[in-house]
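Dear colleague,

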Amino acid sequence: MARGFGGQRGIIGVTAAAVVSVVVAGALAFSNAGGGSTAEADDAGSGQKAKGVSAPVSSSIVHSSDRPGRSLNITIDDGPDPVWTPKVLDVLKKHNVKAVFCMIGPRAEEYPDLVKKVVAAGHKLCDHTISHDTTMDKKPESYQSKEILDAEKMIEKASGGTQVEYYRAPGGAFTPYSRKLAADRGMRPLGWNVDSKDFEGGNVERIESTVRTELNQPHHTTLLFHDGGGNRSRTVESLDRLLPWMQNQGYGFGFPQR
């Protein structure tokens, strides 16, 4: 009992205080019910997951590096693959180069240990859809959404919760809708402007020649290689030759701008 209250007066005071407490508690409960729904509505309306997604980024297709000066972005597509991804990781480590790995959702789900190795080595993750459909720009928005969002979930889960920072449409089949959908979830649409053509026939020398020629073009900064989709021995060998050559040419290596 508070000091200064006694007898009947004290009882009345306590009773009044109790009534006030009940009224205040009820008001707070009502306010919280409305406030919580408002916060949830904001999350839902923004197109963001409640947790784990960064702020929206630009929906324009990026090629430039986040590193100043003469800098390149190495990107690796279509994995992870149990044979070739570890070999690509070894070559990148040997030459102290970081890359963006554009992963197929089901393959990330199948090989989560490889996804975690990619992240642990300091590389970045990119959503490369569920089925690698190079005609998805001709498909309905509902199809595009499922391809992108389901792959994002698979890759993020396989990584142990690491954010997927980029989205690359298979074959460059971007649409305004798919770019905005990805960007609103914090995944910058990622292009390329140096195609190694390592997925085509030919030898290592042909891959090297293709890359060196394309690097002579102005503003050609984002290189495309593959660690999935077939035998990538030529990719591994060409990277082992090209990366030190690029460094000798004065190039550094960064990540695509976000």
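This is a predicted model: local features need pLDDT of at least 70, side-chain atom pairs count only at pLDDT 80 or more; totals for chains, interfaces and linings use all residues.

Residues are numbered from 1 along each chain as its sequence is written, and side-chain values use heavy atoms, with hydrogens and water left out.

The protein chain has 8 helices and 8 strands, these being DSSP runs numbered from the N terminus (helices are H or I with at least four residues, strands are E with at least two). Of its 258 residues, 43% count as buried, where buried means under 20% relative accessible area, exposed over 50% and partly exposed in between, with a 1.4 Å probe and protein chains only. Among the contacts in the protein chain with a separation of 6 or more, 76% are between residues 24 or more positions apart, a contact being heavy atoms within 4.5 Å.

Asp133 sits in the loop between strand 3 (124-127) and helix 5 (141-159), and Asp133 is buried, with a relative accessible area of 12%. Not counting residues up to four places away in sequence, Asp133 touches Lys139, Tyr143 and Pro170. With Lys139 there is also a side-chain polar contact of 2.6 Å (a pair of N or O atoms within 3.5 Å; within protein, one must be able to donate a hydrogen and the other to accept it, and residues adjacent in sequence count only if both atoms are side-chain atoms).

Lys146, which is found in helix 5, is exposed, with a relative accessible area of 53%. The side chains of Lys146 and Asp150 are joined by a polar contact of 2.7 Å, and, leaving aside neighbours within four places in sequence, Lys146 is in contact with Ile130 and Ala151. Lys146 and Ile130 are 16 residues apart in sequence, with 8.2 Å between their C-alpha atoms.

Finally, a search of the whole structure finds 1 cavity of 30 Å³ or more. On a 1 Å grid over the protein atoms alone, a cavity is a set of points where a 1.4 Å probe fits but cannot get out, and lining residues have an atom within 4 Å of a point; grid points are joined across faces, edges and corners, and a volume is the space filled by probe spheres set on the points. The largest cavity holds about 40 Å³ of space, and its lining includes Ser196, Lys197, Glu200 and Arg206.

Best regards

Methods: On a 1 Å grid over the protein atoms alone, a cavity is a set of points where a 1.4 Å probe fits but cannot get out, and a pocket is an open set with protein on both sides within 12 Å along at least five of seven lines; lining residues have an atom within 4 Å of a point.
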